[in-house]
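Reader: I would like to learn how to read features from a model like this one. Could you walk me through it?

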Amino acid sequence: MLTLPNILTLSRIVTLPLLAFLLWWPRWEFGYGLAFGLYCLMGITDYFDGYLARSSGTVSKLGVFLDPIADKIMIATVILVLTAQGILRGPYVGDAHVIAGLVILVREIAVSGLREFLGGLQVSVPVSRLAKWKTTFQLISLGALILGAATPWWNVWLGGLEINVPHTVGLTTLWAAAALTVVTGWDYLRAGLKYMD
């Protein structure tokens, strides 16, 4: 059970309270800088735990169970804390960026429920390439939003507005992730409908 890949996966879960603590004060630029570094480290462990498990032949049932849960908990934690602290806010549409975060959270919960239902029927739904792109956009968007709060001076003028570069990248990729979330969520639902009476 305590293989290196599983330890890396567990480290992401155990580290989440610290990440949430660092994100709790949006005016604390140093804290957000630390949070960005920690978030990147957690993203790196997300890549390496799967890579190491496959390359060393130590894929375990615990790892298969924990890895997607660790990913979803990390994404949900960051979205919820950034929403609570007003980070998911931008020009023109204000707080409407929260809708993109909500779409992502609803999809993750729905797909988890679908996987649990299909698991009881001994049906496996493989992760699609598009779903991997969705995850990539999610990780980039939330990292960029954290970085934007850590670097409030990283601004440019665009169309008469002073915008923070990483924050704008974060909001843009968050909507891209939300769009991919809807597409991949529908793909999973469509694949699961055939097993429902």
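Reader: Which backbone nitrogen does a side-chain oxygen of Asn164 reach at the start of H6?

Author: Happy to start there! First, this is a predicted model, in which local features need pLDDT of at least 70, side-chain atom pairs count only at pLDDT 80 or more, and totals for chains, interfaces and linings use all residues. Residues are numbered from 1 along each chain as its sequence is written, and side-chain values use heavy atoms, with hydrogens and water left out. Helices (H or I, at least four residues) and strands (E, at least two) are DSSP runs, numbered from the N terminus. Here the side-chain oxygen of Asn164 comes to within 3.0 Å of the backbone nitrogen of His167.

Reader: What span does H6 reach?

Author: The expected span of a helix is 1.5 Å times one less than its number of residues. H6 covers residues 165-193, and its 29 residues reach 42 Å from first C-alpha to last, close to the 42 Å expected.

Reader: In which sense do S1 and S2 pair?

Author: Two strands pair if DSSP finds at least two bridges between them. S1 (residues 155-158) and S2 (residues 161-164) are antiparallel, over 4 bridges. Val156 has Ile163 of S2 as its bridge partner. The two strands form a hairpin with 2 residues between them, and Gly159 in the turn has a positive phi of about 60°.

Reader: In what order do the elements of the chain run?

Author: From the N terminus on, read α-α-α-α-α-β-β-α, which comes to 6 helices and 2 strands.

Note on methods. Polar contact = N/O pair within 3.5 Å; in protein donor to acceptor, adjacent residues only side chain to side chain.
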